[in-house]
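The following exercises are to be worked with the sequence and the coordinates at hand. Each task is followed by a stepwise solution.

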Amino acid sequence: MADRTGKAAPRGRERRRAPVKDRVWWWAVFGACGAPLAALGLWAATGDLGVNPVETIVRHLGDWALRLLVATLAISPLRYLTGSTRPIRYRRMVGLWSFAYAVLHVTAYAVVDIGLHGPTMISDLTERPYIMVGMAGLLTLIPLAATSPQAMVRRLGGRRWKRLHRLVYVAGALGAAHYLMMVKADITEPMIYIALLVLLYGIRLGRWIVGRSV
Amino acid sequence: MLFRFRSSTDPRPSEITPEAVYLNRRRLMQGAGVAALSGLAGSMLGLTARSAGAAEMEDFRQLPDVAPSRFSTDEDLNAFDQITTYNNFYEFGTSKEDPARYAPDLKTSPWDIRVDGECAKPGVLGAEELMASHQLEERIYRLRCVEAWSMVIPWVGIPLAKVLARFEPTGNAKYVAFETLEDPTQMPGQRSRVLDWPYREGLRMDEAMNPLTILGVGLYGRVMPKQNGAPVRLVVPWKYGFKSIKSIVRISFTVTEPATSWNMSQPYEYGFYANVNPEVSHPRWSQARERRIGEWGRRPTLMFNGYGEQVASLYAGMDLSKQF
């Protein structure tokens, strides 16, 4: 994995080359990541969250945390396939959006769904495997989000930073497992995420075995 | 990104009926063509609005001569569109919106229920004949889903005991088994094997004969909407909702405990009895509290869903944490 994540897109050079195009891309990616949150806000404002609004909110936020996590993991393979370095420039943003959705998902569960009910929270965190796995996934994302600024990349050094950020593979697996363990009988959707993760991890593993990357 | 906008939330004049007092949130689906397209794209990404196409209550035939019942609760009713657009009926798909979308094509007339097993007079029970030959009663019951949500539903039904008596069960009949229609051409959810079709449920004979247990044939004083299990379904208010089997085509009196669908699928999570019990958690979530649909917070779940006075004695001496 030779992605120059942290060092991608030095700003000055970028501006000189194609400022408008870059800004359009940035806003397009930002808008795409933010749209599901905007949609949720719109439904809330128009009273259109469905028959079980709490379930709609919690599920929607969880879905998008996982979708954007998979999208983040798809960015390096996308570069191998297209040869373009552009996707790499937005990987941090997509990853941070995924983290934001995950935080909102857990907050909505704790505050809106169970109403900060202590006994429920304690039993959920100690007795319910799918919640424990999901929470472990969120905890895994915290150090990644915390070390996302450029300054942190420099402080840690590229090698250590990269090694730390391999935790994202663990987070992806925990997120998909959390979803799989939650469903009652129809495992179609979680299996789609798992298939995508297997594919994305497989591409990396393949490249590593062939020896074209670290 | 595609969004579907509703152009009106106001009730139409036709809705100003005596029942309109029940309808606190009525949704009208307009611009069906655009909505269908955006719905298809949007539902794949979870981006469209949640409200499925709610059927108009007035489209359902009013049932004649429905008597009130002393077993009815006086709690606030859930609205007709809540009851008919948020359903677990896996024969039509696993999402809550699927039954409202796909069930309306189900052919429910004529409808025959085969009654067999340990009884003196096995036979066939027609749904129309069933409704015509018994006094219909309104039973306003709490419904508690195993997923920890609940509703209050004004069912119309017939006590199951009265119906079963017609077939003269023998002394060997210890249980009653029920089966839902199996017809993948009409029930698209049956084309995937999320459960082992047909859907099966069962009750112990004394549970079946309890006065609370009814065969539901309608709600809100009208014929049963198909997504709620038309034309004939079971309603057992002290048990989790999955026991109340829908669109019944077979009733059998048996000597031994019948196999039941969710128990066959995940025996550690769903027992034969499935009595509502805040003390016994589902392995994956707590059953101590529930969300009444329409409320933001959760309320405590009541033992036997609040029907202990009528049914607790059925389980005297049983360890309900083991026989869950």
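In this predicted model, 70% of the contacts in chain A between residues at least 6 apart in sequence join residues at least 24 apart.

**Exercise 1.** Determine the secondary structure content of chain A and the order of its elements.

*Solution.* Step 1: the count for chain A gives 11 helices and 0 strands. Step 2: read from the N terminus, the elements accordingly run α-α-α-α-α-α-α-α-α-α-α.

**Exercise 2.** Describe the accessible surface and the charges of chain A.

*Solution.* Step 1: the accessible surface amounts to about 11100 Å², and carbon and sulfur atoms contribute 69% of it. Step 2: chain A carries 28 positive and 11 negative charges, whose mean positions lie 21 Å apart.

**Exercise 3.** Locate B:Glu147 and identify the polar contacts of its side chain.

*Solution.* Step 1: B:Glu147 occupies the loop between strand 4 (136-144) and strand 5 (149-159) of chain B. Step 2: its side chain makes a polar contact of 2.8 Å with the side chain of B:Lys96. Step 3: a polar contact of 2.9 Å links the side chains of B:Glu147 and B:Trp149. Step 4: with neighbours within four places in sequence set aside, B:Glu147 is in contact with A:Lys184, B:Asn88, B:Lys96 and B:Trp285.

How values were computed: Residues are numbered from 1 along each chain as its sequence is written. Chains are lettered from A and ligands numbered from 1 in the order in which they are written. This is a predicted model: local features need pLDDT of at least 70, side-chain atom pairs count only at pLDDT 80 or more; totals for chains, interfaces and linings use all residues. Side-chain values use heavy atoms; hydrogens and water are left out. Helices (H or I, at least four residues) and strands (E, at least two) are DSSP runs, numbered from the N terminus. Contact means heavy atoms within 4.5 Å. Accessible areas come from the Shrake-Rupley method with a 1.4 Å probe; for residues, only the protein chains shown count as cover. Lys and Arg count as positive and Asp and Glu as negative; His and the chain ends are not counted. The place of a charge is taken as NZ of Lys, CZ of Arg, CG of Asp or CD of Glu. A polar contact is a pair of N or O atoms within 3.5 Å; within protein, one must be able to donate a hydrogen and the other to accept it, and residues adjacent in sequence count only if both atoms are side-chain atoms.
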